[in-house]
Amino acid sequence: MVAAAALRVVCCGGSPLHGARAVFSADARYLLCTSGDFVKVYSAATEELVRVLRGHGGLVTGVRLNPHNRLQLYSSSLDGSIKLWDFTDGILIKTFTVGYKLLALYALASCEDSVFAIIPKRGGRDTFQLVSVKLTKTAGQDVEAKEFSVVLEGVDASPKCTAFGREGEYVASVKNFHLQVYFFKRKQLNRFSLRATNAKGGNNLFTCVACHPKEDCIATGHGDGKIRLWRNFYHNKEYVFSTLHWHHDRVMDLCFSIEGTSLLSGGVEAVLVQWHSGSDCKKDFLPRLGSAIEYISVSSDGTLYCTLHTDNRITIINSNLRFSKSIQGLIKARDVKTGLVVDPRTKALVLNGEPGHLQFYCLQSDKQLYSLDIVQQEYIQQAGLNQTDLVKVAFSAQGKWLATVEEREEEPDLELHLKLWFFDEETQSFKLNTQISMPHDDHITAMCFRDMDELEDDSLILVTAGKDCLFKVWVILEDTDPEAQQSLSWSCDFVGSYHNYQATNCCFSEDGSLLAVSFEETVTVWDSSTWDLKCTFCHPPGKIRDISFGRLTCSKYLIGATDHGFLCCWNLLSCALEWSAHLNVVVLQPDPLSEHIAAVSWLSKESSLFVFKPNEPRPICIQRNLCKERIQFAAFVPRDVPETIGSEKYLWLRRSQLYFFTDTQELMTFSTKPPEERLTVSSKQLAVEESLPVTPFSLLLGKHRHQQSQGDIDLTKVVRNRHEQDSPAVKELLHTPAHVLPSASFLCPIFINSLLISKEKKSAEEVADEVEMESEEAEEDSDEEKDVTEMEQENIKPMDLFGEITCKLSKAEEKELRKVRKMDYSWISAF
Amino acid sequence: MAAAAACGGEAAARPPLAFSPCDRRLLAVSGSDGRLRVWEAAGSRLRHEYVPSAHLSAACTCLAWAPPGGRPPPDKDGPQRKKRKSEAAEVDKQLDILAIGTAVGSILLYSTVKGELQSKLDGGHDNRINCVRWHQDNYCLYSCSEDKHIVEWNTQTCKVKCKWKGDNSSVSSLCISPDGKMLLSAGRTIKLWDLETKEVYRHFTGHATSVSSLMFTTVKPMNENKSFDGITGLYFLSGAIHDRLLSVWQIRSDRKEKNAVMSFTVTDEPTFIDLTVSEVKEEPVKLAVVCRDGQLHLFEHILNGYCKKPLTSNCTIQIATPGNDGDSTPKPVPILAAAFCTDKQSLLLVYGNTLQPIIERVSLNTSESHICLIRDVQKVLALKTDVAVTKVKTPVVNSDTKVLVPGIPGHSAAVKTPSSGKEKNKSKRKPGETEDSIEERLGALDIDVSKVKTPGGLPQTDSFAVLLVQGLESNDSDILNKVLNTRKETLIKNTVARMPIHAVIPLLHELTKRLQGNPYSASQMVRWLKCVFTLHASYLSTLPDLIPQLGMLYQLMESRVKTLQKLSRLNGRLFLLVTQVAASETVQDVTEVNQTAKLVYEDESSEEEGSDDEMIADKDSDENWDEDEEKEEQSEEQDMTVEKEINGDSDLEPENESEEE
């Protein structure tokens, strides 16, 4: 490869999926949702990522289908632009620059050339307004869209808190304890307020709003889990509302089904509730969806629902409330305490997932491999309840043993469990071997295995360091008790301490002969065979934040980072400080396959990366301004095949890939490739033309239709009959009030005439119909055409019904009718 | 690397399966029910399932993944191609199109990303498709069929690009050369075609039966001194149905050589072959051959010219069930396919049932020539099936897990002695133990069964001590429960005071054991412990092996008193103070009490006062016990009043008196 471009930081997972409601494409084959700065297109059938729409320079806050062209998509972003995409091909059609941060986007079918957006009010802090943005139809890619008019003032920034009513006649918006409804035609604004708390102490705060698609009904969700259905809100005083109550905590989102017959609601309970016809008693549930529901959306054909969850998961649900698909990348945990650990067996990244679970995240496919339920306790959704969670994880070198520490803090007590899991090859699952309650009397600060690849189990050592001023060494012992079921179990071998200082870090040297444990300001080095204290290092006044041994050629060095902003390198042979550098290191991560050590510093709100070898104080690579967020953890993941990297400077990325984890729980990595190579993955996909054979069903249907169009004259007659019903004469007859109608004798010939069939006209129309049918068969199966065929089918159905009745009109009957027509009806007027 | 399902052959019993190229992330399997399933190799999870509309009439006969991503068709040679592969592994290129050959002669192109049929290639063959192969660079698809023809398809337009007769009989297998300019085809004999002119370039003898797999093993000729024209000097491998030999052929510049260069021998007909392509001369070709009998053979060989003798495998892998519960005989689990991972060091094994295969990554260890992996297929599947909304796996937690709580040996350090007391207990806990043995024991304890007269005929508290010693000796839980469950402090105190010194350590062990159990009983045991330590501290301090004997107890106490540490310390000090004061007050009276009044010696031979006392208790019937306790309760009430005045731990005097009555 030619000299690689500069190292680029690439986000490779964990970007929040729940920026806005997801949108189904018109045919419900694709699901479009926001993901950080991108819009992702997923296939609803296979849960695969089909396409990523890149181009926004900020968080994408809203996606809407273009109501006038169902194959186009509007997206809004914090970078102040609205983009129009052709999402099936991933082409950016137009960019409208608004110039304000856009917090939500709404598109209405009734508004030809404008969309609605929520923007911050100029001058006011934390006040937002709903505006209508006029999208000019001028040619060109980049268009300014500065022309906008304010619709509502003082709306909530959340896209959930504003909704447009039936056919865009009104807009409802909630904020705090107020609901305001604005009618576009009448230009009338109605405001309804609730008291902050009701008699029973419930929280009346509005959390979300949804409008019925067919009726004038607004559903609002509240902080206490109630849902109110508002009706008759044209009047400021005479409005009514009914209450639905199932959720025990705040309603996170509401959504009406396409026809409005049912209402979907979701909350922190991770249960999707379907309310039928607005009554409190008829409801269906889909429980155990994993985590709190953030957004609910419905496909336009009503067959699929989609829920976005707070842990970055998308669930696709059938309309009969059966779980269908789940798209899960990196789970957003509440708090990642375990750091990034690489499972040697699956090469997956392991970290906190759902509460009490460990997630195994596959880096290659950006998918969750599985999540391991370590705590095995039911998670109870309740505020203020302290639940057991995982704080430390360590794998042995081959991934045979897994050590987990879980803790539950209930002031002033602390509950700690150290669990040692053995990977059982037979059943291909982890099996609990030893569970140690309260291994330390205070929080465990660090845990590590002695990594010795070639040796067997009996040399395996686990060290835990705790705030109770101790570090403990755990070893595997052959159990002497014959009653014990298993022959191997873990027990404590040695307890060490140093001047009653809290132990903060521990790590083994590469060959496993030395153990370094840091106690506040001091690093102690212990011989791992005799557990003698060999030497101590310190760099006052800073407390040790992180320590690491050098590897391979640099194994005689020990690196330590202090919280007073120093990075120190000690020589273990001379027991002297080799060098130190002034650097506020937050993360220190050695590469397991090379001498390189990565240090991430945090200074004046930006992170920088320094890669160095311990034997020389000059860094090999400096990468400033990695990202705006603070980097919490880093991990080197070994590559399967060493990458060929042209530039000398980035040779340290050859054997392993470096991943970062920011405090917004985004996973970043480096790419040495020029951007276009990564960008055009999808465009490079094998372009295979769609040439589908007709399915047996369509063959059957086509044949049937053909027959109909050729043979069944009556059917076409019916078609026309229907048309003639719409003739002015009949319409007049049917729609005029009876008391203004002329006499029946006058009307009768007109009516009967209208029922008769003229022969010339028929043949012409028949031919036309045939042509239409044929062209239909020739048509390919693209989306728009599908719609056409669907419409056609709908037309046919009523024809069939009508046909049965009228097709009996034979020639004889026709003559009869003519006769009737010629008869004199004047006698009727006598009555 | 290349993967090939052994497709073709008249009797393909195994359903076709294919690993996705490059990183082997996905496995496509067409089951016997005609459904196509795509499995994820990591975690063997079902990605999705596709049912072709004519899956019953036109069964799937062969599968091939389209190469991921794309490049403009380059004219590049070996080393650059290698780079392309590593990039493909790095950049997450999506795998999409899967070509499915059917039994009626049509080819389906299925998009695994969209989950729908992309197109159908029709009109090329009128009989069963035996093999489909994608061209690496220009997205041409090659197919061969029972109808003796080979067809080149343009997948962009889904039209036949070229069709020619490939053999006199059916063509069963295809392979495209590494440079993409030649095509190998085989019925029974193997032909090498020039793709541009569609003319036969070379003939090879082939096999006696129809060839089921063809594969190039090298991308560069082994002797680099000659100029390389893209094909000369390369080796390829072929396997045929009903043939236990895999042949290796070399493409030579002279047209004469038509026989195999060498061969590998396996135990049964090969059904799936995978190999790592060697790119350098020294690097051996690694070959994994899955046979019909479910075994996997691994070969490692540096290809270099002739070898007359067929080579046997370096390593054979089999899989079997453990067969320990339910059915006692281990059953073999057939291996369905195997593929080398990108690092060439580990192997993906597919085993079990084709409807729900298990995919596992095994690291290679060729030092052993025969490996039998034991896998509990039932349990692996059971763990997998309960995955619904979330992919949560629950690890196994059995009752046989060792649990360490504070106080148990091994929880903290310094316990390395596998306590001797424990072992003793074990030997005593043998099931054959009966009451008779207690008698024997008592005899062994040198207790003379002599006539003893109770002075007042009344039961006494010291009988508790006797019972306790008995219980400890025989480890009889009934007796121990009876004794240790008493709640009266004075009674406990007296019992402890009167028990023989040699029973102290066993008592402590027993107490330690009980302390670890039920918290309710632990609170009882604490009273006993307190008494033992106040009364026998001096004895205990003389013991040489005190630390190993009582280490566990010490740790237990350490961990228990952690809460409210200061308060309990204060309590202890006060208690010490009070007892000392009380002791100094009553020091004159106490001396007498214990020994004198209780015993009457009739026999001169009796040596141990204590043992005599025990005998009293021994003879006491159970009814007497009850009376005894009742009486004591009465006396206890009296004591209580006294005790309240003197702050709990008073002298032993009043109590003893009441007991003497």
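**A walk through chains A and B**

Let's start with helix α8 of chain B, residues 504-515. Helix α8(B) has twelve residues and reaches 16 Å from its first C-alpha to its last. That is close to the 16 Å expected at 1.5 Å a residue. The expected span is 1.5 Å times one less than the number of residues. Helices here are DSSP runs of H or I, at least four residues; strands are runs of E, at least two; both are numbered from the N terminus.

A word on the ground rules. This is a predicted model, where local features need pLDDT of at least 70, side-chain atom pairs count only at pLDDT 80 or more, and totals for chains, interfaces and linings use all residues. Residues are numbered from 1 along each chain as its sequence is written, chains are lettered from A and ligands numbered from 1 in the order in which they are written, and side-chain values use heavy atoms, with hydrogens and water left out.

Back to the helix. Why is α8(B) called largely enclosed by the rest of the structure? Because nine of its twelve residues are buried. Buried means under 20% relative accessible area, exposed over 50%, partly exposed in between, with a 1.4 Å probe and protein chains only. Among the buried ones are B:Leu507, B:Leu511 and B:Leu515.

Next, helix α9 of chain B, residues 519-542, which holds B:Met525. B:Met525 counts as buried because its relative accessibility is 0%. Leaving out residues up to four places away in sequence, B:Met525 touches B:Leu484, B:Leu511, B:Arg514 and B:Leu515. Touching, or contact, means heavy atoms within 4.5 Å. Now look further off. B:Met525 and B:Gln356 are 57 Å apart in space, C-alpha to C-alpha, and 169 residues apart in sequence.

What does the record say? In an unreviewed entry, UniProt lists residues 475-577 of chain B as "domain: Small-subunit processome Utp12". UniProt positions are given in the numbering used here, feature names are shortened, and annotations may be inferred rather than shown by experiment. In the model, that span is 80% helix and 0% strand. Its end C-alpha atoms lie 36 Å apart.

Chain B has a mean pLDDT of 73, and 71% of its residues reach 70 or more. pLDDT is the predictor's confidence in each residue, from 0 to 100. Over residues 1-12 of chain B it is below 50. Beyond near neighbours in sequence, that stretch has 48 contacts in the model. Where pLDDT is low, the predicted coordinates should not be read in detail.

Over to chain A. A:Asn190 sits in strand β18, residues 188-193. A:Asn190 counts as buried because its relative accessibility is 1%. Its side chain makes a polar contact of 2.9 Å with that of A:Gln188. A polar contact is a pair of N or O atoms within 3.5 Å; within protein, one must be able to donate a hydrogen and the other to accept it, and residues adjacent in sequence count only if both atoms are side-chain atoms. A polar atom of the A:Asn190 side chain also lies 3.0 Å from the backbone oxygen of A:Tyr234.

A:Cys469 is not a glycine, yet has a positive phi of about 70 degrees. A:Cys469 is in the loop between β40 and β41 of chain A. A:Asn625 also has a positive phi, near 55 degrees. A:Asn625 is partly exposed, at 47% relative accessible area.
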